[in-house]
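Look over the sequence and the structure first, then read on.

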Amino acid sequence: MPDTPQDAAPRTGTPARPQAGDPLEAELAREQGVVDTLYGRLDELREATWERLRAVRREGPSGSPQNRSERDAFATLYEDRVAQLRSVEDRLVFGRLDLADGTTRYVGRIGLTDPDQTPLLTDWRAPAAQSFYRATAAHPDDVARRRHLTTRRRQVLGIEDDVLDLAATEQLGLRALAGEGALLASLGAGRTARMHDIVATIQREQDEIIRAPLAGTLVVQGGPGTGKTAVALHRTAYLLYAHRRQLERTGVLLVGPSRAFLHYIDQVLPSLGETGVVSTTIADLLPGVTVTATEDAEVAEIKGRAVWSRILTRAVRARERVPAQDVRLVVEGQELVLRRGDVRDALGRARRAHRPHNEARAGFARDVLGRIAAQYAEALGDPEADRAELLDDLRRSRDVRVAVNLAWLPITPARLVEDLFTKPHRLAEAAPELTAEDRARLARPAGSGWTASDVPLLDEAAELLGEDDALDRAEARERAEQAAADLEYARQVLESSGAGGGLVDAETLAGRFADGGPVLTTAERAAADRTWAYGHVVVDEAQELTPMAWRALVRRCPTRSFTVVGDVAQTTALGGARSWAAALRPHFRDAWSVSELTVNYRTPATVADSALRFARAAHLPVSRLSSARDVDDALRLVRVARTDELAPAAATHAVEQVGEVVRPDGTGRVAVVVEPGRRRAVTDALTAALAGAVGPERAGELLQGGADARVVVLTPVEVKGLEFDAVVVVEPAEIVGDGRSGASDLYVSLTRPTRRLVAVHHADLPAGLVDAG
Ligand SMILES: Nc1ncnc2c1ncn2[C@@H]1O[C@H](COP(=O)(O)OP(=O)(O)OP(=O)(O)O)[C@@H](O)[C@H]1O
């Protein structure tokens, strides 16, 4: 068992089985009274907030623009509050502290006070709740007794006490009751397709990370199942609570490895009362860019290398060039020359301004046009000619436009990056660091669609290129057209409805259409803005990030206030990290610190120990790991005589696990993990075996729902970060394969179950993967 405070605390008391006249029953009744009061107060607040929201909405769409925007802001505020009060329904209160001075404090999801502002419930994130997570018998922190309350649908079901200061507890006349163990009960519970919060049972080493200061970069390294994801999410909620003013304006960005993973965790923050966090994957980082294509791991690795910042800089420079010879120009019948020396000077001057390419172009063009204008005036024989007119002539001249563009071409990030992959000469010119073989791997036909690893390159390109005036102008044009359309629409409304009665004109009405949109929250504005600077960034499965992805993230939080969560032994991306120092130094120098999580709360000890032995034998950089619990018969190794028996055997075992773990209450999930090449065969075998066991209809129900299904067949990459009650791993040796990330793939796969792992194999098992006995 782990040496965590709640387990280390001495327990006294009676077993938690209520009987008539039982002290537990009396305590349950007493706590039920408190819980009823708290829910009653919650209901009152909900009703009051609803009433305010209704009142604001009743005001309707009239009033001055300022009134309207204030009203919208209030409506958003009340809507958020209603959503928050609704989201804390489940397990509103889960703890109680009896302090040595005789006072009592209840701990829950949010803070509640009565109408006189007397505290009823302490928010778990408040300093006053900290000892609920941190106090130990050795350091009771003024706590006599800590009590966990288990509730379901507003009903108190169980009580479990830790006596931290025996003398104080006795002196206060408090009784101590021993329950099943809140932590163990929650670890053994059946899993659903969504991650749950751990707010009632956060352990000390986790709490220290959750409440660490906002500033700086904190790396949380921990083996599989140590609660890194849970901690990252609870830390996000904590930071939003403790630094609300600052983070409300700047926002928090949460980066996960895949959409499936974000889906898996997407209920945790709302259940903690927080909804304003932008969550994304690297692939979805750029507004307006949609990833539609996939690529080999090897190609992704090449594109993730840090050298791309130099390659892209060079690619941009290639669009700023001195012509091979002087260029002849004809303007209004006059022969002029764009001299190489003039272009070189203007280029040098524009570059010295250190502005992005597209933004610096205006200065360059002005400089060049100025030089040609002087020549033009001379050619006209009129040194006194009006300069503005001369410049106008030059701007209208096609020759001049072409010559200036050739020297300094405005370009979009998409075009710059696409050209590198579709025009080999462009890549060869920009990327001498890459071998010819690597460059050949990157080549692709035009219009192939963006891949995930293109996104950091597009982001870097956008940074180097800056805003394109031409694009801005196009946008302004669009806005003007929209305004005209609004005006036209408003005229029609006035005409057809006879509304306005002369009191409102079409322009005013059009203005209302234009600014009548919803008030955007910080999160919405941030998500739509590539250059938004977030107040904090949380990165999960951070070991997968390539150097280019890191650059994109650091740009989004220049203050480098980061929580970086991951495990360098579970890295599956070829361009990912095997050491935090190597991954982070280029971006954070030495301004980061590491905290370790060492207790595995997911996988039974027998399975975790086997997985660890395998990982060590495969020389993965594993960190310390002990397991919070073990489960009988947690590991099964099943050898089949022939390769073609793998799929049917896996299916049989998966069906058996379904029978054991899938429950009518909606909990219990089974995953079969296979190499992509075996997915089809295993899925077919499983579908048939399940239909044979439970009938086709029930089998269909169990298998449907994509990633949310009760029974799924997934690849090692897809199971990353997820967990299931039972996992069947098919042919472990094949998962290890001979690729560079195979050992990590298997380590990830072996550490997904909360109750049982079945390894079905024909080939010998990889070294270390044996039953610990
Ligand atoms: N203090 C806790 N109380 C209850 N459950 C916990 C606690 N800490 C972690 N868990 C549970 O352990 C499981 C693993 O947690 P989590 O997914 O956060 O681990 P992880 O370190 O991110 O794992 P991996 O690296 O394997 O993806 C989850 O079911 C989580 O709810």
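## Overall picture

Buried residues account for 41% of the 773 residues in the protein chain. The model is a predicted one. The protein chain contains 33 helices and 23 strands. Of the contacts in the protein chain between residues at least 6 apart in sequence, 75% join residues at least 24 apart.

## Around the ligand

There are 23 residues around the ligand, and those that come nearest are Pro224, Gly227, Lys228, Thr229 and Tyr601. Two helices, α6 (182-188) and α8 (228-242), each supply at least two residues of the shell around the ligand. Sorted by class, this shell has twelve polar, seven nonpolar and four charged residues.

| Helix pair | Angle | Axes |
|---|---|---|
| α21 (residues 454-465) and α25 (residues 547-555) | about 50 degrees | 8 Å apart |
| α27 (residues 605-617) and α33 (residues 742-750) | roughly 175 degrees | within 9 Å |

In the α21 and α25 pair, the axes pack at an angle of about 50 degrees. Because of this angle, α21 is oblique to α25. The crossing of these two helices, α21 and α25, is left-handed. On the α21 side the contact is made by Pro456, Leu457, Asp459, Glu460 and Glu463, and on the α25 side by Met548, Ala549, Arg551, Ala552 and Arg555. By class, the contact of α21 with α25 has five nonpolar and five charged residues, and no polar ones.

For the other pair, the axes of α27 and α33 cross at roughly 175 degrees. An angle over 145 degrees counts as roughly antiparallel, so α27 is roughly antiparallel to α33. Here Val607, Ala611, Phe614 and Ala615 in α27 meet Leu746, Tyr747 and Leu750 in α33. The contact of α27 with α33 has seven nonpolar residues, with no polar and no charged residues.

## One residue in detail

Where is Leu686 placed? Leu686 lies in helix α29 (residues 679-694). Is Leu686 buried or exposed? A residue counts as buried if 20 or more other C-beta atoms lie within 10 Å of its own. Leu686 has 28 other C-beta atoms within 10 Å, so Leu686 is buried.

Leaving out residues up to four places away in sequence, Leu686 touches Ala651, Ala654, Val672 and Val713. Leu686 and Asp644 are 42 residues apart along the chain, and their C-alpha atoms are separated by 14 Å.

Notes. Residues numbered from 1 in each chain as written. Predicted model: local features only at pLDDT ≥ 70, side-chain atom pairs only at ≥ 80, totals over all residues. Helix = DSSP H or I, 4+ residues; strand = E, 2+ residues; numbered from the N terminus. Buried ≥ 20, exposed ≤ 12 C-beta atoms within 10 Å, placed from the backbone. Contact = placed C-beta atoms within 7 Å. Near = placed C-beta within 6 Å. Nonpolar A, V, L, I, M, F, W, Y, C, P; charged D, E, K, R; others polar. Axes fitted to C-alpha atoms, helices over the stretch in contact; angles between N-to-C directions. Parallel < 35°, antiparallel > 145°, perpendicular 65-115°, else oblique. Left-handed = near helix turned anticlockwise from the far one by under 90°.
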